[in-house]
Amino acid sequence: MEGLFSVFTVELLNSGIRLATPILLAALGGAICNQAGVLNLALESKMLLGAFVGILAAYYLGNSYGGLLVAMVAGGLLGLLFAFLYHKYKVDLVILAIAFNLIIVELTVFVMRALFGNVGSWSDPSIVRIPDIEIPFIKDIPLLGPILSGYNIIVYFSWFAVIVMFIYLYRMPGGRHLRAVGENKSAAETVGINAILLQTLALVVSGALAALGGAFLSIGHLKLFTRNMSNGRGWIAIAAAMFGVNHPVGVFLASLFFGFADAFSVRVQNVTELPPNLVKLLPNVATLLVLIIIALRTKVALSMARRRFRAQLRAEEAAKPAEEPV
Amino acid sequence: MTPAIEMKGITKDFASTRVRANDHVDFSVEPGEVHALVGENGAGKTTLMSILYGLIKPDSGEIFIDSQKIRIDHPNDAIQHGIGMVHQHFKLVPSFTVAQNILLGMEPTQAGLLNQQQENELVAALAEKYNLPVDPTARVRDLPVGMQQRVEILKVLERKAKILILDEPTAVLTPQEVNELVTVIRGLSRLGYTVIFITHKLVEVMSVADRVSVMRGGKMIGTKKVSETSIPELARMMVGREVLLRVKKKEMQRGDVVLEARDISISDVNGLAAISHVSFQVHRGEIVGIAGVSGNGQTELVEAISGMNSLDGGEILFKGKIIDEASVGERRDMGMAHIPEDRMVVGLNLQTTLDENLIVSRYDDSQFSRYGFLLMKTISEFAEKVVRAFSIAAARPGEGIATLSGGNLQKVVVGRELSGDPAFIIANQPTRGLDVGSIEFVHKTLVEERDKGAGILLVSVELDEVMALSDRILVLYRGRIQGELDAATATEEEVGILMAGGNLQDLKYAQRADQQELRS
């Protein structure tokens, strides 16, 4: 029992926040697409692309920050390609997403093999992991300091992105127009709002954010690329966007939840003797539970409402027993 | 006087359907007038107005505003020339507030940020200016339809439109809301605004318009002063032949009770009463009309009777048997027919053929299938019979139905439902979106079924329809029966009062007060 309690430490919080970061970045991207009415199921492949392009650029440029920028540009371009195929040729977004999710996994392996001869994974000693930064003053605050400080720039950027996206969506005309496009496209278009532009913007931003999340995996957290490195995080991000009702703050909390579930399973493996394969399933079980909750929410609410109504009817009936039928 | 708008020789072909929607149409509107544009569905009136508003590009033709030739390629051009459109299906964002909707696309900002307070004040001032009160902070999805329409009108006025196009504005309104709208239109016309009013309800044309233009089959048939024409003349111009505007009905031959609702209650999605303690009977050989503004429990009532949803309280008897547990299929086998509200989604499968749509309710009948196989030949003979009996134009057995017009699609539904000699028919909005000719057909067919001895429950938000067809009228208000009227003696005013939640006592007092005022 003592072993289980020793799981909850500051390190657990730290690693939860780190593991939440790639999910948060991709989920923010998913959320802005949902708000603009363009379903983005390709977060997975955009993350993977970002992870691969990020480490590749870091290697060739000799600068990991440069790697991050190139990854974001690559993700943004993929988003732009999506927008182009969707608006110009009316290609279904779901089909596009499936196609890219399948292609990018194999494409990264193909390029990795062509360039370096490796199939499963690749790394190079010259690649530098993005360094962690201690924030002055904040790091000295007791208790909160160690939780809020000591991460790399991608983690801070993801928090910044939450705030910026909130202000854009709910306090600026552009964001309001974007939400109007997502909810009723023709209403927005009849007042002269450029729906195509805003949906393109959402897809580009979402591609860039997801790719940055991917680059976090390859050069922010490790310094290594492996086949299918995103490993389902893009799909978890889609769940996080739904769980957070597409609101930046909600998405932030939902992503933290998934990040902690991930960190928790890693810690439990270290300190207990539960079978590791079982514990590793934990984040996936958490995702499954969340998706079930999302799916059942309306249904359960409906049947609860109905039950309430019937109880009320019975109560009315009981209240007037003596009355003769007319 | 120079016309406010003049459209000359407008022609538009739709290549995909090989239809000439507008054929050298000339149309002109005087400044400050209320001009009604009428025609059946597919007559081309919406196409003409979409061209004027820049939603569709004409193949040829010219548009003049105040005698100046202009090009309108996009709604933005139209707005710039002072043309605004209130669409039939509102272009509103439901989760946004009234102010956010009215100012959408033209929000004032401070340092790039929105200011909710300022927006609300702007909209309040706008509403005051035009005497169209609204609550700027209310969410549009919580507003009744009449209010939503007011938001749309304010949205157009805020964009400095001088010419307003209203596309079938009364289709979704209650009689009271229609009266309010007429007042609003009259008021705008007095302020110098020009109003174009698209409709196919001729009564409204007579009450609100100065002039009326009639279209048929893509051509402009003519323009008349309202004071110099009549409803029968306009109907003739619209349809191209004499139309029976009122269904001829024989004396009712009332039989036994066929359907009875006993104290039924049904919950809505929030656990509140959609239908609350409702009881009524429908006899053979009578049409019982359920009047009421849409959203007062009609959908839930119809779903419960047809078996698509369960009851929460009370019971329903069909031919004297309690059918609360019976499935849709079992109810149909007992002789219940259902003409649903939405023919596109519930009534028909547009992806399949006429034959399959006609037998979908009875495919496992021994008449149509044996040993699990469909008897294709019998089925197509049957389809042929139905097509002839219900004169479903352009439909051929074995072919798809997706290209049929709304009127013909509804005939397919009516044909399927009535070909089994049902004892009881639920007709939910049976003529919604149909033109005068098709309405005439559906009404005639329903009355024939009644005369053959079927009990009919007619649910409709169209007051005229309920008044014209019913033998008895029940008015549904907030899930309760607000009143029952004998259709032979009921007045439109009485039904309207009940629909708005009032009672007949109020009306009598009001009339007495009026008379006393007159006497004194």
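## Briefing: chains A and B, piece by piece

By the domain assignment, chain B divides into domain 1 (5-239), domain 2 (257-349 + 421-510) and domain 3 (351-401). Please keep in mind as you look around that this is a predicted model.

**Domains 1 and 2 of chain B**

- Taken over C-alpha atoms, the centres of domain 1 and domain 2 of chain B are 33 Å apart.
- Where these two domains of chain B meet, nine residues of domain 1 are in contact with nine residues of domain 2.
- On the domain 1 side of that contact, helix H6 (175-190) and helix H8 (231-239) of chain B each supply at least two residues.
- H8(B) gives the largest share of this side, with three residues.
- By class, the domain 1 side that touches domain 2 of chain B holds four nonpolar, four polar and one charged residue.

**Where chain B touches chain A**

- The contact between the chains draws on 23 residues of chain B and 21 residues of chain A.
- Three elements of chain B give two or more residues each to its side of the contact: helix H2 (75-80), strand E8 (113-114) and strand E13 (257-267).
- The side of chain B that touches chain A is made up of nine nonpolar, 11 polar and three charged residues.

**An open sheet in chain B**

- Strand E13 of chain B, which gives residues to the contact with chain A, also belongs to an open sheet of four strands, in the order E14-E13-E16-E17 with antiparallel pairing.
- Strand E14 (273-283) and strand E17 (321-322) of chain B are the edge strands; each has a single partner strand, so one side of each is left without a neighbour in the sheet.
- E13(B) and E14(B) pair over seven bridges, in the antiparallel sense.
- To find your way along this pair, look for Glu260(B), which stands opposite Gln281(B) in E14(B).

**Two mostly covered helices in chain A**

- In helix H8 (residues 173-183) of chain A, eight of the 11 residues are buried, so the helix is mostly covered because a residue counts as buried when 20 or more other C-beta atoms lie within 10 Å of its own.
- Among the buried residues of H8(A) are Arg176(A), His177(A), Leu178(A) and Arg179(A).
- The cover over the buried residues of H8(A) comes from both chains: it includes helix H2 (10-35), helix H7 (153-171), helix H9 (185-190) and helix H10 (195-221) of chain A, along with helix H3 (98-102) and E8 of chain B.
- Helix H3 (residues 43-61) of chain A is also mostly covered, with 17 of its 19 residues buried.
- At 1.5 Å a residue, the 19 residues of H3(A) should span 27 Å, which agrees with the 26 Å between its end C-alpha atoms.
- Just after H3(A) comes Gly62(A), with a positive phi of about 70°.

- Most residues other than glycine have a negative phi, so the next two residues deserve a look.
- Ser67(B) has a positive phi near 70° and lies in the loop between strand E4 (60-65) and strand E5 (68-70) of chain B.
- Ser67(B) counts as exposed because it has 9 C-beta neighbours inside 10 Å.
- Tyr371(B) has a positive phi of about 50° and lies in the loop between strand E19 (369-370) and strand E20 (373-374) of chain B.
- With 4 C-beta neighbours inside 10 Å, Tyr371(B) likewise counts as exposed.

Notes. Residues are numbered from 1 along each chain as its sequence is written. Chains are lettered from A and ligands numbered from 1 in the order in which they are written. This is a predicted model: local features need pLDDT of at least 70, side-chain atom pairs count only at pLDDT 80 or more; totals for chains, interfaces and linings use all residues. Two residues are in contact if their C-beta atoms, placed from the backbone, lie within 7 Å. Ala, Val, Leu, Ile, Met, Phe, Trp, Tyr, Cys and Pro count as nonpolar, Asp, Glu, Lys and Arg as charged, and the others, Gly among them, as polar. Two strands pair if DSSP finds at least two bridges between them. A residue is buried if 20 or more other C-beta atoms lie within 10 Å of its own, exposed if 12 or fewer, and partly exposed in between; C-beta atoms are placed from the backbone. Domain bounds come from an automatic or database domain assignment. The expected span of a helix is 1.5 Å times one less than its number of residues.
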